[in-house]
Amino acid sequence: MPLLVSDYNWQQTKTAVFISVPLRGVCVRDADVFCTENYLKVNFSPFLFEVFLYAPIDDENSKAKIGNDTIVFTLYKKEAAMWETLSVSVDKEMMQRIREKSILQAQKRAKEATEAKATARREDQKYALNVMMKIEEEERKKIEDMKEKERIKATKELEDWKECQRKAEEQKRIQREEKFCEQGKKIEEERNKLKHKSLTKISASRNLATKGRNSENIFLEKLKEDSIPAPRSIGSIKINFTPRVFPTALRESQVAEEEEWLHKQAEARRALNTDIPELFDLKEEEKNPEWLKDKGNKLFATENYLAAINAYNLAIRLNNKIPLLYLNRAACHLKLKNLHKAIEDSSKALELLTPPVPDNANGRMKAYIRRGTAFCQLELYIEGLQDYEAALKIDPSNKIVQNDAEKIRKIIQGTEVKS
């Protein structure tokens, strides 16, 4: 049985009480102090100091200083008044009741502090996630801006090149026209000379009319032969055109539409994915995304989740516009605890399940539930509750979803321990 310490000293003011308790040579590390608003205990074996205080104190702001083989308590009163005594006189039953009440108060306060730390930790994790997402969004935006600048730069360089080509072609055309004009002038001059020469010969022939009809006919035939210019020499001109995919001529007004068509054709060729190594060993019917989806569903049913993910991955590479592929792969990631990937696949499925119509209501509800489950397993209960409430808007009469949403609300309110 411990020995009660009675040789202690205490003093008071209207607002505070000062108690000095000797440790009697006991090591400071062996002293155990317990204090609530109505109870103070110091246990330093084999001694015990216990006081049932006259009035309540502010135990959160009160202090205890240990040194020089003495513990000095500074207890602040909740109400400013002078006490008649330090300790009230109570029977053993009342003492036991006060002790139990003090222990319960201390346990409740410790539980509240633990819950407050857990809440603060969740808030910190949420804040860190938001900051990380914001940083990633800024990086993504920066990359997109860089791509846009590069695209604008490349477009400008292409336009400048086209302008240079157009100017060069214009210059060549002008030079050809000038050359043709010079050749036309030379031909005209030759014709004028021949014409003048023929007129001179005709006048001379008239003066020699006495020479006989035969000689005159010969002269006229020779004159006609001399007045006709020689035919041009035969040659060939080689013309090269810019290669084009389309059979029609290039028109600036049609450039955007032609580029869009080429882009869609490239996507269609990529959709066939004839160069995927995984397809080389498959039969022709096994290269169908629907066949791969059914294969993944069978593997999921046998709990072979990794193989199912591989089947869904290959199907998505063949056709990335089927929302059920992302939805089923999210279920596999949930089973394997790949929670971030499950959130990503569920979000992608919701993007593809637009616009919201009755035909895709079941798929949208599954996507919300699987993403909400992943959020809750990451202890992001607020985001998880939002997804469950979105699922309830699609099917308000679903009891299972209602019960899960209610459990999440209780966890957020702190009335239920998370499982």
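Mentor: Two strands count as paired here if DSSP finds at least two bridges between them. Keep in mind that this is a predicted model.

Trainee: Okay, so what makes E1 and E6 partners?

Mentor: Two bridges join E1 to strand E6, residues 47-52, and at least two are needed, so the strands pair. E1 and E6 run parallel, and Leu 4 stands opposite Leu 48 in E6.

Trainee: And what is the order of the four strands in the open sheet?

Mentor: The order is E1-E6-E5-E4, with mixed pairing. Strand E1 (3-4) and strand E4 (32-35) each have a single partner strand, so they stand at the edges, and one side of each is left without a neighbour in the sheet.

Trainee: On to the rings. How many aromatic pairs are there?

Mentor: A search of the whole structure turns up five. Take Tyr 8 and Phe 49, with 4.9 Å centre to centre and 70 degrees between the planes.

Trainee: Why is that pair called edge-to-face?

Mentor: The centres have to lie within 6.5 Å, and planes over 60 degrees apart count as edge-to-face. At 4.9 Å and 70 degrees, the Tyr 8 and Phe 49 pair therefore qualifies. Tyr 8 lies in the loop between E1 and strand E2 (9-12) and Phe 49 in strand E6, so the pair ties together parts 41 residues apart in sequence.

Trainee: Is Phe 49 buried or exposed, and how do you know?

Mentor: Buried means under 20% relative accessible area. Phe 49 is at 1%, so it counts as buried. Tyr 8, at 25%, is partly exposed.

Trainee: What makes the pair of Tyr 54 and Trp 83 tilted?

Mentor: Planes under 30 degrees apart would be stacked and over 60 edge-to-face; the rest are tilted. This pair has 45 degrees between the planes and 6.1 Å centre to centre, so tilted is the word. Tyr 54 is partly exposed at 35%, whereas Trp 83 is buried at 6%.

Trainee: Which residues do ring pairs link into a cluster?

Mentor: Phe 34, Tyr 39 and Phe 52.

Trainee: Last one: which residues touch the most other members of the largest nonpolar core?

Mentor: Of its 20 residues, those are Ile 19, Phe 44, Phe 49, Phe 73 and Leu 75. Strand E3 (16-22), strand E5 (39-44), E6 and E8 each give two or more residues to this core. Leaving aside neighbours within four places in sequence, Ile 19 is in contact with residues including Tyr 8, Phe 49 and Leu 86. There is also a second, separate core of 18 residues, with Ile 309 and Ala 367 among them.

Conventions:
Residues numbered from 1 in each chain as written. Predicted model: local features only at pLDDT ≥ 70, side-chain atom pairs only at ≥ 80, totals over all residues. Heavy atoms only, no water. Phe/Tyr/Trp six-rings, centres within 6.5 Å; stacked < 30°, edge-to-face > 60°. Buried < 20%, exposed > 50% of the residue type's maximum accessible area, 1.4 Å probe, protein only. Core = buried A, V, L, I, M, F, W, Y, C linked by side-chain atoms within 4.5 Å. Contact = heavy atoms within 4.5 Å.
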